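Here is a briefing on one protein chain. Look over the sequence and the model, then read on.

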Amino acid sequence: MPGAAAISMVNAGLEGFGRAAALELGSERIRVNVVSPPWVTETLIAYKMDPANGLPAAEVAKAYVKSVEGDATGLVIDARKIHS
């Protein structure tokens, strides 16, 4: 997809920042995690694209909940791997 290189650069930067910031801050002070969602199904539908490779927003939200409510820090949470 055109523009994917720029998006990949931003995502890699966010992941690197999340890991490094978590190390610098230490788990006692604050937790830092990054959520890595795929395309959201509802967004693909809105753009009239094939939703087959998307993940429903309700499933993506579970990754954000894990990031906020979990005890871990320095993680890159893949929304596709979160289960109820």
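**Surface and overall build**

The chain exposes about 6000 Å², and carbon and sulfur atoms supply 61% of that area. Accessible areas come from the Shrake-Rupley method with a 1.4 Å probe; for residues, only the protein chains shown count as cover. This is a predicted model: local features need pLDDT of at least 70, side-chain atom pairs count only at pLDDT 80 or more, and totals for chains, interfaces and linings use all residues. Residues are numbered from 1 along each chain as its sequence is written, and side-chain values use heavy atoms, leaving out hydrogens and water.

**Fold**
- The chain has three helices and two strands. Helices (H or I, at least four residues) and strands (E, at least two) are DSSP runs, numbered from the N terminus.
- From the N terminus on, the order is α-β-α-α-β.
- The C-alpha atoms fill a box of roughly 45 × 30 × 15 Å along the principal axes.

**Burial and contacts**
- Of the 84 residues, 24% count as buried (under 20% relative accessible area, 1.4 Å probe, protein chains only).
- Among contacts (heavy atoms within 4.5 Å) with a separation of 6 or more, 51% join residues 24 or more positions apart.

**Helix α1**
- G18, A21, A22 and G26 of α1 are buried.
- The cover over the buried residues of α1 includes β1 (34–36).
- α1 has a kink of about 60°, centred on L23. The bend at a residue is the angle between axes fitted to the seven residues ending there and the seven starting there.

Note on methods: Buried < 20%, exposed > 50% of the residue type's maximum accessible area, 1.4 Å probe, protein only.
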